[in-house]
Amino acid sequence: GGEPEVMVHIGTNDIGRKREEVQKGEFRELGRELRRRTAKVTISGLLPVPRNSESRNGVRWRINVWLKNWCRGQGFKFLDHWNLFWGRSDLYKKDGLHLNARGTTILAGKFAKTTGG
């Protein structure tokens, strides 16, 4: 077949534990590594975390904005889920961090639509 397509979903675990510039550097390195393997790259952006403070979610939001612009510059696709999940604690498990079945189904549907699956 053709060139492989890669989708990377950016998780939230390390966001806020490192300076934003360090994290951006890590994303740039990931981009270089992916580019060596394929030009068909999709980055799936960060989700808001209902249990976290506005400040911590603000960091996630700023990184998403940066990722979206960075992806455009790299020729990568970017999936932005922020508005779909913001304020929707009904899509998360009681822990306020992980998606519940409904949230997972919605996110998986976006993945499938993007990859044609």
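Which residues does Asn-64 touch, not counting residues up to four places away in sequence? They are Gly-45, Leu-46, Phe-78 and Trp-82, where contact means heavy atoms within 4.5 Å.

Before I continue, a word on the basis. This is a predicted model, in which local features need pLDDT of at least 70 and side-chain atom pairs count only at pLDDT 80 or more, while totals for chains, interfaces and linings use all residues. Residues are numbered from 1 along each chain as its sequence is written, and side-chain values use heavy atoms, with hydrogens and water left out.

Asn-64 lies in helix H2, residues 54-74; helices (H or I, at least four residues) and strands (E, at least two) are DSSP runs, numbered from the N terminus. Asn-64 counts as buried because its relative accessibility is 4%, buried being under 20% relative accessible area, exposed over 50% and partly exposed in between, with a 1.4 Å probe and protein chains only.

I turn now to the strands. S2 pairs with strand S1, residues 5-9, in the parallel sense over 5 bridges; two strands pair if DSSP finds at least two bridges between them. Within this pairing, Val-6 stands opposite Val-41 of S2. S2 also pairs with strand S3, residues 77-79, in the parallel sense over 3 bridges, and Ser-44 stands opposite Leu-79 in S3.

The chain crosses from S2 through H2 to S3 in a right-handed β-α-β crossover: with the strands pointing away from the viewer, the path from the first strand over the helix to the second runs clockwise. S1, helix H1 (residues 20-37) and S2 likewise make a right-handed β-α-β unit.
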